[in-house]
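This briefing describes one protein structure for a reader who is new to such models. Please keep the sequence and the model in view while reading.

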Amino acid sequence: MMQLNSQPKLIEPPAGELVEAFAAIVGRDHVAFGPAARTAYSRDLWPRTTLQMEGGEFEYPPLLVVWPGSVEEVRAAVLEAMKQNLPVVPYGAGSGVAGGAAPSQGGVVLDLKRLDQVLYLDEVSHLVTAEAGIVGEIFERELNRRGFTLGHFPSSIYCSSLGGWLAARSAGQLSAKYGKIEDMVKSLQVVLPDGRLLETLTVPRVAGSPDWNQVFVGSEGTLGVITRATLRVWPYPASRRFQAFLFPSISSGLQAFREMLQSDLRPAAMRLYDPVDTFFSGKAKTMEHALPAEEPARRSLEEISHDEGRHREKKDRLGYLPRRLMPFLFQPRLVNLLLDRPKVCKMVLTFEGEPEITALELAQAQRIGAKLLAKDLGEGPARHWWEKRYQVSYAMSVAFDLGLFADTIEVATLWENLENLYQAIRQAIQPHAFVMAHFSHAYPQGCSIYFTFSAGGRTLKQRIERYDRIWEAALNACVETGGTITHHHGVGLLKAKWLKKEQGGAHPILLGLKQTLDPKGLMNPGKLGI
Ligand SMILES: Cc1cc2nc3c(=O)[nH]c(=O)nc-3n(C[C@H](O)[C@H](O)[C@H](O)COP(=O)(O)OP(=O)(O)OC[C@H]3O[C@@H](n4cnc5c(N)ncnc54)[C@H](O)[C@@H]3O)c2cc1C
């Protein structure tokens, strides 16, 4: 239960002059400093803070929340905060899962959501320019309406923003074909900590200096506020095809991924479930309702939203991790042992683009599958995944409702190290939590692994301690095995200490850049280990 009255940090209002100073910039209606706003903006979706909130603890309340309505207002608000020596925390939609948008040193939260316009679609060069606060779903719908797609579909598309994607180096479900957000961005507009406006040139490629776009991509709000971006777009695909396989082992499934990508095949979605995740997601699940054999790529986000509604009731009844399993999560070693017995792994693939090309890609994937002794499951399970692809992430809240916790860890490494990394992290988590994984976001050189873990604890304190132990064990194992600690969720507060280790000699360069751009250290302090 929330106990706001026991939180003196929250109920102590900021000085009236401070509120007035920001109200003069953005208007009185666009400044909030009451307990409700400060509670809501005291965190993002980092599961540790969900647990803390359960105990009525709001560790990071900001002083006030400000909603600028233009780039000029962003500049003025940043300058005002600097003048007052207040930290500034850029805030997209708050869907980050590592504490990146948590105002860990108080100050002003700058919510960008009023900057939500698609400004220009260049149909000749296939580029779109949009404001940073636009929410993913709205952005994609607008592009679809005009015959294009961004190709960026994070599971959080309904509750994350363009600025947040860029600042945290997000990856969408179709990244094998369309790339991560850093592959899409062509230019940026950024408000620097001293109020200057940096605008990079929109050109296909540059030489002669570091790529300044990439300096700000992944900077998690520590170097400035991204206000606008120009990104590559693709024509909306004319066809979409589906294929699923059952592989006899993780090794053979990963070999298939590698052979596909290294023979220049570019499926849109590529997912290989480990044996436990295969067990839970179902080996051969097919669609509940028939779709035409070669469905044209016409299922818009709107139709998916309706499906979400239709399935939500069922999800609420069952939850993603079946409730019957929940009591056993207090015995993670036993559950992991039992569920690891079958070795088969399900793979789902989707292909999209011109019909002639997707037909060829599908045939090539089938050849590789057959060569590696995979059972051909047809298209059913892949279509099933497509239909439900936004549901799984949102079902994790069921675990919290039941007095447990759940979270995900996304790491990456080269093909030759991938199974080592998988085993190392799995073994690190296993004593503490139920764990399963899938492999997705694959490249010719390597692949990411996405672990989901869940566990309980008799008291809230025990749950939080266990949560911390799991992350400690998993990321230590990751660093020791040579993987990156984050493929797309970012660093925030959660992974700061491991980032320093991972970056080695590059970390002082980041600190130097920070010192140059933000000598007072007020832009989103504490993030990226700065
Ligand atoms: C259910 C669920 C599913 C998810 N699935 C995915 C997924 O498939 N792929 C994926 O990549 N991530 C996923 N995430 C994580 C999250 O959605 C991403 O990290 C996303 O990029 C965050 O966007 P946001 O707008 O919510 O950013 P926020 O959480 O508001 O902020 C994230 C970071 O970016 C900074 N920031 C935000 N806006 C700006 C700006 N305009 N300028 C400068 N800095 C800024 C913040 O200070 C913070 O450090 C998921 C999260 C949830 C809850």
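In what follows, axes are lines fitted to C-alpha atoms, for helices over the stretch in contact, and angles run from 0 to 180 degrees between N-to-C directions. The model is predicted, so local features need pLDDT of at least 70 and side-chain atom pairs count only at pLDDT 80 or more, while totals for chains, interfaces and linings use all residues. Residues are numbered from 1 along each chain as its sequence is written, and side-chain values use heavy atoms, with hydrogens and water left out.

**Overall make-up**

- The protein has 22 helices and 18 strands; helices (H or I, at least four residues) and strands (E, at least two) are DSSP runs, numbered from the N terminus.
- Of its 530 residues, 57% count as buried, where buried means under 20% relative accessible area, exposed over 50%, and partly exposed in between (1.4 Å probe, protein chains only).
- Among contacts in the protein with a separation of 6 or more, 76% are between residues 24 or more positions apart; contact means heavy atoms within 4.5 Å.

**Helices α20 and α21**

- Two packed helices are described by the angle between their axes and the distance between the axes.
- The axes of α20 (residues 460-481) and α21 come within 11 Å and cross at roughly 5 degrees.
- The two helices α20 and α21 are therefore roughly parallel to each other, since angles under 35 degrees count as roughly parallel, over 145 as roughly antiparallel, 65 to 115 as roughly perpendicular and the rest as oblique.
- On the α20 side, Trp471, Glu472, Leu475, Asn476 and Val479 meet Lys497, Trp498 and Lys501 of α21.
- The residues of this contact between α20 and α21 comprise four nonpolar, one polar and three charged; Ala, Val, Leu, Ile, Met, Phe, Trp, Tyr, Cys and Pro count as nonpolar, Asp, Glu, Lys and Arg as charged, and the others, Gly among them, as polar.

**Leucine 494**

- Leucine 494 lies in the loop between α20 and α21 and is buried, with a relative accessible area of 10%.
- Apart from neighbours within four places in sequence, leucine 494 is in contact with Trp46, Val97, Ala98 and Trp471.
- Leucine 494 and lysine 527 are 33 residues apart along the chain, and their C-alpha atoms are separated by 8.9 Å.

- Threonine 413 belongs to strand β16 (residues 405-414) and counts as buried at 12% relative accessibility.
- Leaving aside neighbours within four places in sequence, the contacts of threonine 413 are Leu418, Leu421, Gly446, Cys447, Gly482 and Gly483.
- A separation of 6.6 Å lies between the C-alpha atoms of threonine 413 and threonine 484, which are 71 residues apart along the chain.
- Glutamate 416 is placed in helix α19 (residues 415-429) and, at 73% relative accessibility, counts as exposed.

**Positive phi angles**

- Most residues other than glycine have a negative phi.
- Asparagine 85, in the loop between α5 (71-83) and β3 (88-91), has a positive phi near 60 degrees.
- Arginine 169, in the loop between α7 and α8 (175-178), has a positive phi of about 55 degrees although it is not a glycine.
- Arginine 169 is partly exposed, with a relative accessible area of 26%.
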